[in-house]
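These are my notes from one sitting with the model.

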Amino acid sequence: MNSEFSLYLSFFLFLTIHSSSSSSSSLSLSTPPLPLLPLPTSSQLAWQQGEMAMFLHFGPNTFTDSEWGTGHADPSVFSPASLNTTQWAETAADAGFSRLVLTAKHHDGFCLWPSSYTNYSVQSSCWMDGTGDVVKDLADSAKQFGLGLGLYLSPWDRHESCYGDTLRYNEYYLSQMSELLTRYGEICEVWLDGAKGEGEKDMDYYFELWFELIHQLQPKAVIFSDDGPDSRWVGDEAGEAGLTDWSLFNISDVTIGDTDEEYSEGGDPNGQDWVPAECDVSIRPGWFWHGSQSPKNATSLLQIYYKSVGRNCLLILNVPPNKSGLISNEDLRVLKEFTEIRKEIFGKNLAQNALVCASSTRGDVFNALNVLKEGLYTYWAPKEGSNEWIINFDLGRVVRFNVLLVQEPIQMGQRVIKFHLDVNLNGEFKTAVHGTTIGYKRLIRFEKVKVRYLRLVIDESRADPLICYFGLFLDNYSKNVDFDESDKKSYGEIRSFVRRRRRHRGYFGGGSLVEM
C-alpha cells in the first residue's frame with residue numbers, strides 16, 4: 001500500500017467515524033471559548049472587514065502644483081471645471097473599496113465645505129459661484145454606491161490666524177469638526193495626524209477632547225491617528241506593514257506627532273488596547289495630483305495589497321482627483337487592472353472542496369470544516385488544553401498554488417504568535433512557509449508547489465488558537481517575490497527535500513494518530 005493511498009484511507013476512515021459519532025452527540029452543544037482581551041469594537045470590526053479605503057487629496061494644492069500649501073493661495077485658484085464626485089465613488093466601488101476619505105481641510109487651511117468659521121473655503125472660490133460643497137456632494141455619492149464616508153481635518157493650519165493660540169485654535173478646530181460631523185450624515189472615519197513643518201508655531205492640540213467629541217457626535221466613527229484611539233499609523237507612507245503585525249497596542253506609550261515607527265509597525269503582543277494599523281500610500285508619487293507624475297502600475301498595487309491587507313492592516317490608497325475634478329484616465333486604467341488581477345487570483349479558493357480534519361476539536365460546532373467557510377463567526381477551535389494544534393487537508397487531487405490565506409476570528413481576540421504550512425512531497429512533509437501573526441487576514445506568497453496533502457500547524461499562541469478561514473490561491477502576476485529569510489529557508493527545504501528535524505505527527509480527530 002503506497003503512502004498516498006494510506007494517507008487518503010486514514011482521512012476517509014476518520015471522516016466516516018466522525019460523521020457517525022457526531023449525530024449521537026449533537027444534543028451536547030459545546031460552548032465557545034472565552035474571548036481574549038483586548039477586543040475590537042463593532043466599528044473596528046466593520047473597519048477591518050472593509051479592507052481598503054480610497055483617500056482623496058483635493059484642494060488648492062491640486063491647482064498650484066503643491067504638496068503643502070502655504071495657506072495664502074487665492075481661493076479663486078480652486079476652480080474644477082468638471083468636478084464629479086459620482087465618478088469618484090463609482091470608481092471606488094468598482095475597485096472594491098469600502099469607504100472614501102476626503103481631505104476636507106489640508107494643511108493650507110482651505111475648507112472644501114462652506115464653514116461658518118472662515119472665509120477661506122469653497123464659498124470664496126469661483127467654483128459654482130461660491131455655492132458649492134464638495135463634502136456634501138461626496139456624502140451623497142458615497143451613499144448612492146453604498147460606501148462609507150471618512151473625513152480628514154488637518155490639525156496644522158497655515159492660514160488661520162489664531163493658529164498658535166492654544167485655547168482659541170482648539171475652539172476653532174472643534175467648531176469645524178462639529179460642522180463636519182453634524183451636517184453630512186453618518187461618518188465612518190475621522191483621519192488626524194501630527195504633520196507639521198519645521199519652524200512652525202508651537203501648538204498644543206487637545207486630542208483627548210477631540211476624540212471625546214468625535215465619538216459623541218459620531219459613535220460609529222473610527223478615529224485614526226499616530227496612536228489611535230481606534231486605528232494607528234503603520235509608520236511609513238509606502239503602504240507596507242511589517243511581517244509581524246499585532247492589533248494589540250499601548251496607547252499610553254505613544255505621542256501623536258512623535259511616533260516610534262518600529263512600535264507602530266509591529267504593534268505589541270502585550271498591548272492593553274485594540275488599535276489595528278492602517279497603511280497609507282498614494283497611487284502617484286505625490287499625495288495631490290500633479291500633471292508631471294504617473295500612477296504606479298497594477299502589479300505594484302498588488303504587492304502593496306499583500307503587504308497591507310495581507311498583513312492584518314487596512315490599506316488606504318490615495319487616488320487624487322485632477323484639476324478638472326475627476327480621477328484621471330491613467331489612474332482609472334490601473335485601478336481596473338488591479339481589480340481584475342485580484343479577482344483572478346482570489347476568485348476561487350483552491351482548497352474549498354478539501355477533506356479537513358484537526359488534531360482536536362472543541363465539539364462539532366467548532367469542527368475543522370469551518371475553516372473553508374468565509375466569515376468571522378464560524379471557526380475551528382481545538383479541544384481545551386491541547387498541546388498540538390494542527391489542521392490537515394486532503395485537496396482530493398494535486399493542486400498548484402503559491403499563496404496562503406489564513407484568518408482568525410478577531411472578535412475573539414488576536415491569538416496566533418507563530419505558525420507554518422507543511423506540504424507533502426513524495427510521502428514526506430516539508431515546510432513551505434513560516435509566518436508569525438495572523439489577525440484578521442494573513443497572505444503569504446512562496447514559490448509554486450504542486451501537492452495534494454498539506455497541514456497548517458500553529459506553533460505558538462497567546463491562548464487556544466482559533467482559525468476562521470484557510471485558503472490556497474495561484475498568483476501568476478508576482479514575478480519576483482520578496483521572501484523574508486524564514487520563507488527562503490522554508491522553500492529551500494522543499495527544493496532540496498531535506499527532512500525537517502522536528503516532525504509533527506498527523507492527527508485525524510479524537511486523539512487517534514496516523515504517522516505521516
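Where does D65 lie? I found D65 in the loop between α3 (60-64) and α4 (85-94). Helices here are DSSP runs of H or I with at least four residues, strands are runs of E with at least two, and both are numbered from the N terminus.

Before going on, I noted the ground rules. The model is predicted, so I kept in mind that local features need pLDDT of at least 70 and side-chain atom pairs pLDDT 80 or more, while totals for chains, interfaces and linings use all residues. Residues are numbered from 1 along each chain as its sequence is written, and side-chain values use heavy atoms, with hydrogens and water left out.

**Entry: backbone**

I looked up D65 for its phi, which is positive at about 60° although D65 is not a glycine. D65 is exposed, with a relative accessible area of 51%. For this I used buried for under 20% relative accessible area, exposed for over 50% and partly exposed for in between, with a 1.4 Å probe and protein chains only.

M128, also not a glycine, has a positive phi near 55°. I placed M128 in the loop between β2 (99-105) and α5 (134-144), and at 44% relative accessibility M128 is partly exposed.

I then turned to cis peptide bonds. One joins L37 and P38, with omega about -5°; P38 is in the loop between α1 (3-24) and α2 (42-50). Another joins G228 and P229, with omega about 25°, and P229 sits in the loop between β5 (222-225) and β6 (231-233).

**Entry: rings**

How many aromatic pairs does the structure hold? I have 30 down. Rings of Phe, Tyr and Trp (its six-membered ring) pair if their centres lie within 6.5 Å; planes under 30 degrees apart are stacked, over 60 edge-to-face, and the rest tilted.

I checked Y163 and Y205, a tilted pair at 6.4 Å centre to centre with 55° between the planes. Y163 lies in the loop between β3 (148-153) and α6 (166-183) and Y205 in the loop between β4 (189-191) and α7 (207-217), so this pair ties together parts 42 residues apart in sequence. Both Y163 and Y205 are buried. They also belong to one aromatic cluster, whose members include Y169, Y172 and W210.

Why is the pair of Y305 and F338 edge-to-face? I read 6.3 Å between the ring centres and 70° between the planes, so the pair is edge-to-face. Y305 is in helix α9 (residues 298-308) and F338 in helix α10 (residues 329-346), 33 residues apart. Y305 is buried at 6% relative accessible area, and F338 is buried at 1%.

**Entry: R442**

I found R442 in strand β15 (residues 442-461), buried at 6% relative accessibility. R442 and R311 are 131 residues apart in sequence, yet 5.1 Å apart C-alpha to C-alpha. Leaving out residues up to four places away in sequence, R442 touches, among others, L243, G310, R311, F419 and T437; contact means heavy atoms within 4.5 Å. The backbone oxygen of T437 lies 2.8 Å from a polar atom of the R442 side chain.

Note on methods
A polar contact is a pair of N or O atoms within 3.5 Å; within protein, one must be able to donate a hydrogen and the other to accept it, and residues adjacent in sequence count only if both atoms are side-chain atoms.
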